[in-house]
Amino acid sequence: MNVARIIFGVIYLIGAVANLVMVIMSPEIYYAFADGAFVQFYREAWNTVVVPNLFFFIALTIIFEITLGLLFLISRRFLKIALIFGIIFCLGLVPFGIEFVYGNIPLALIQGFLLWKEAKTGTA
């Protein structure tokens, strides 16, 4: 399980770094982020709430990803919390488009399996 904790911790920390680099180097990438969203609400909310406050929301995302990555890496004590928030985060991205389905559904399923295993046996 320690390997899975490290892998997921690193994944979320890399995501934070990637968002930081993108928002600094080319924030316009985020303008069309929700164009392929499956849900109209996602497109509308993104364009009316997030885009006008882009740096604030991307900063929140970066902070969340760093926190989540550290929860995975710091201690097994925080594993269930990290897995729950990791699942929510991955599934929350899925309605943004097909490209998010391919990456985030498998990550959510793996984290769900690890959470189930952790709850069932106490050791994942």
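Which residues make the nonpolar surface patch of about 580 Å²? They are I6, V10, I14, I66, L70, L73 and I74. Two elements give two or more residues to this patch, namely α1, which covers 2–25, and α3, which covers 54–74. Of these, α3 gives the most, with four residues. Before I go further, please keep in mind that this is a predicted model.

Take L70 as one member of the patch. L70 is found in helix α3. Its relative accessibility is 37%, so L70 counts as partly exposed. To be in a patch, a residue needs over 30% relative accessible area, and L70 has 37%.

Now to charged side chains. As a general point, side chains of opposite charge can pair when their charged atoms come close. How many salt bridges does a search of the whole structure find? The search finds one. The partners are E118 and R76, and their closest N and O atoms are 2.5 Å apart.

Is E118 buried or exposed? Buried means under 20% relative accessible area, and E118 has a relative accessibility of 8%, so E118 counts as buried. For R76 the value is 30%, and therefore R76 counts as partly exposed. For orientation on the display, helix α5 spans residues 98–121.

Let us go inside. The largest nonpolar core has 27 residues. Which of them touch the most other members? Those are Y12, Y30, W46, I58, F72, L83 and F96. The elements that give two or more residues to this core are α1, α2 (40–50), α3, α4 and α5. The most come from α4, with seven residues.

Leaving out residues up to four places away in sequence, Y30 touches N19, M22, V23, W46, V51, L54 and I58.

Next is F89, which sits in helix α4. With 19% relative accessibility, F89 counts as buried, because the cut-off for buried is under 20%. What does F89 contact, apart from its neighbours within four places in sequence? The contacts are Y12, T61, F64 and E65. As for W116, that residue is 27 residues from F89 along the chain, and the C-alpha atoms of the two are separated by 17 Å.

The last stop is P95, in the loop between α4 and α5. P95 has a relative accessible area of 16%, so P95 is buried. Where sequence neighbours up to four places away are not counted, P95 touches A37, F38, V39 and Y42. For A37, the separation along the chain is 58 residues, yet the C-alpha atoms of P95 and A37 are separated by 5.6 Å.

Key: Residues are numbered from 1 along each chain as its sequence is written. This is a predicted model: local features need pLDDT of at least 70, side-chain atom pairs count only at pLDDT 80 or more; totals for chains, interfaces and linings use all residues. Side-chain values use heavy atoms; hydrogens and water are left out. Patches are made of residues with over 30% relative accessible area and no salt bridge: like charges are joined within 9 Å, nonpolar side chains (Val, Leu, Ile, Met, Phe, Trp, Tyr) within 5 Å. Accessible areas come from the Shrake-Rupley method with a 1.4 Å probe; for residues, only the protein chains shown count as cover. A salt bridge is a side-chain nitrogen of Lys or Arg within 4 Å of a carboxyl oxygen of Asp or Glu. Buried means under 20% relative accessible area, exposed over 50%, partly exposed in between (1.4 Å probe, protein chains only). Contact means heavy atoms within 4.5 Å. A nonpolar core is a set of buried Ala, Val, Leu, Ile, Met, Phe, Trp, Tyr and Cys residues joined through side-chain atoms within 4.5 Å.
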